[in-house]
Amino acid sequence: MEEKINRKPKILIVDDDATYRQLLTLHLSKAGYEVFLARDGHEALNWLRPEQQPDLILLDLLMPRFSGLDVLTKLKTSTSRTPVILISGAEWPIARQGANEASPDAFLMKPFAMKSLLEKIESLLSPASQANPV
């Protein structure tokens, strides 16, 4: 039981923008999360195996090779119940359509305040939200 209490939650950041990955890694690591990175949706799928399943996925909407929508579609057809925060810097109509189609657990438009991101992560990882999935 103590191991679970001391374990850092694992967050998978999936974004094709290297600067964004670095910025998010810095802030999430400082906030006490263990961070893993994928440059696109194809790499993200390599992390979605039961033995290394992240606790939460921070997923960019538009990426080459395999988009955030593709990853979410794949997640919905699996047994995974990993919460997903979809992020996007796309024009609002495109981002809104993507978020509506994908129905992630949360959605943030880039650029977003780090405080907003951390609050969303905390709420999605809280025991109450995991006990009562939406």
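1. Let's start with Asp-55. Leaving out residues up to four places away in sequence, Asp-55 touches Arg-7, Lys-8, Pro-9, Lys-10, Thr-82, Pro-83 and Leu-125 (contact means heavy atoms within 4.5 Å). Asp-55 sits in the loop between α3 (41-47) and β3 (56-60); helices (H or I, at least four residues) and strands (E, at least two) are DSSP runs, numbered from the N terminus. Its side chain reaches the backbone nitrogen of Lys-10 at 2.6 Å. That counts as a polar contact, meaning a pair of N or O atoms within 3.5 Å, where within protein one must be able to donate a hydrogen and the other to accept it, and residues adjacent in sequence count only if both atoms are side-chain atoms. Val-84 is 29 residues from Asp-55 along the chain, and their C-alpha atoms are 9.3 Å apart.

2. A word on what you're looking at. This is a predicted model, in which local features need pLDDT of at least 70 and side-chain atom pairs count only at pLDDT 80 or more, while totals for chains, interfaces and linings use all residues. Residues are numbered from 1 along each chain as its sequence is written, and side-chain values use heavy atoms, with hydrogens and water left out.

3. Now the overall layout. The protein has seven helices and five strands, and from the N terminus the elements run α-β-α-β-α-β-α-β-α-β-α-α. Among contacts with a separation of 6 or more, 61% join residues 24 or more positions apart.

4. The five strands form an open sheet in the order β2-β1-β3-β4-β5, with parallel pairing (two strands pair if DSSP finds at least two bridges between them). β2 (34-38) and β5 are at the edges with a single partner strand each, so one side of each has no neighbour in the sheet. From one strand to the next, the twist averages 20°. β4 and β5 pair in the parallel sense over four bridges, and Ile-85 stands opposite Ala-106 in β5.

5. Next, the helices on the sheet. Helix α4 (residues 68-76) lies across β3 and β4, at about 145° to β3. α6 packs on the sheet too, touching β1, β3, β4 and β5, and its direction makes about 175° with that of β5. Axes here are lines fitted to C-alpha atoms, for helices over the stretch in contact, and angles run from 0 to 180 degrees between N-to-C directions.

6. What about the inside? The largest nonpolar core has 20 residues, and those with the most contacts inside it are Ile-11, Leu-24, Leu-28, Leu-58, Ile-85, Leu-117 and Ile-121. Such a core is a set of buried Ala, Val, Leu, Ile, Met, Phe, Trp, Tyr and Cys residues joined through side-chain atoms within 4.5 Å; buried means under 20% relative accessible area, exposed over 50%, partly exposed in between (1.4 Å probe, protein chains only). α6 gives the most to this core, with six residues. Beyond its neighbours within four places in sequence, Leu-117 contacts Leu-24, Leu-28, Leu-58, Ile-85, Leu-108 and Phe-112. There's also a second, separate core of 19 residues, including Leu-59, Leu-72, Leu-75 and Val-84.

7. Ser-67 is buried, with a relative accessible area of 15%. A polar atom of its side chain lies 3.2 Å from the backbone nitrogen of Leu-69. Across the protein, 43% of the 134 residues count as buried.
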